[in-house]
Amino acid sequence: MAQFLFRRTVNAVITVFLILVLVFVAARIGGDPVSIMFPDGIDAETQAAFEANLGLDKPVPVQFAYYMLDLAQGEFGNSIHSRESVIDMYMDRLPATLTLASLAFVLSIFMGIGLGLIGALRRDAPSGRLAMTVAFLGYSVPHFVLAILLIFLFGYVLRTLPTVGNSTPYHYVLPAIVLAAGLTAAIARYTRSVLLDVLSEDYVRTARSKGLSDQLVHFKHALPNALIPVVTVLGLQLTSLVSGSLIVEEVFAFRGVGQLLVGSVRDADFPVLQCGVIFFGLAVILINLLVDVLYAVLDPRVRVAS
């Protein structure tokens, strides 16, 4: 187990380093940041001052060395436009994003497992087919399309829920539903598939032959065993919450880190963009590392194979 964790940790560290290099290179091959930020042009003295402030007046190897040194000290600089500390900007918005992601995660678990149960236990009934249809739609409809539909329905037709910002708890409802849709569909489909396989196992047929009720067989014997592989799939799908938050927060004007990152691209705010890419990259790597560890705990064969 220790060797397995060591290899996974080393892989994660290497991936983090590659992300840092990629962010550094991509920011410079995309063009002169000062020219991008000021497309109409500025005087030479002001441009030189900006380049010196961003460290762009130094040779590329020196820039990379300063870049890595600043990151090691937790220094990401200040926003070009607001002059605020980049770390403070992200930390100010992080609680809202974590709250939204947590709501979406919990919602997707309950809805996904519920739809999967209905789809498996009532697979030949209209309710079972309806459950899988809902799951299919959640999996296939893009986040921004579902968001626009919900905004139109609840914001303009029914006028029951707010659609912009995150100043009240009600502002979290629609973004959480949209963000949970894809994960819900994945959990539902996999729960149904695994549960159908478990229901055909010999021990389930034995339990039924003993005269146990369907409810006892389904929820005491079949479901707990079906949830073990579902847990691993749930972890693998967690990264969809990270990528989905970028779109969801922008569509709903939700003041989270996703909206801040998208805005930095639009505004060509070099330090904010750099920090955001690193933040989301680290989040995905950490999630994948935790999933690897969880999968190894649940299935010891993984440790042997790795």
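**View 1. Lining of the largest pocket by residue class.** The lining of the largest pocket in this predicted model comprises eight nonpolar, six polar and five charged residues, where a pocket is an open set of points on a 1 Å grid over the protein atoms alone at which a 1.4 Å probe fits, with protein on both sides within 12 Å along at least five of seven lines, and lining residues have an atom within 4 Å of a point. Local features need pLDDT of at least 70 and side-chain atom pairs count only at pLDDT 80 or more, whereas totals for chains, interfaces and linings use all residues. Residues are numbered from 1 along each chain as its sequence is written, and side-chain values use heavy atoms, with hydrogens and water left out.

**View 2. Space and surroundings of the largest pocket.** About 440 Å³ of space lies in this pocket. Of its 19 lining residues, N53, L54, G55, D70 and G77 are the closest to the centre. Two or more lining residues come from each of α3 (44–54), α4 (60–72) and α13 (270–298), helices being DSSP runs of H or I with at least four residues, and α4 gives the largest share, five residues.

**View 3. Surroundings of V272.** Leaving aside neighbours within four places in sequence, V272 is in contact (heavy atoms within 4.5 Å) with S79, V86, M89, Y90, L260 and S264.

Conventions
Grid points are joined across faces, edges and corners, and a volume is the space filled by probe spheres set on the points. Ala, Val, Leu, Ile, Met, Phe, Trp, Tyr, Cys and Pro count as nonpolar, Asp, Glu, Lys and Arg as charged, and the others, Gly among them, as polar.
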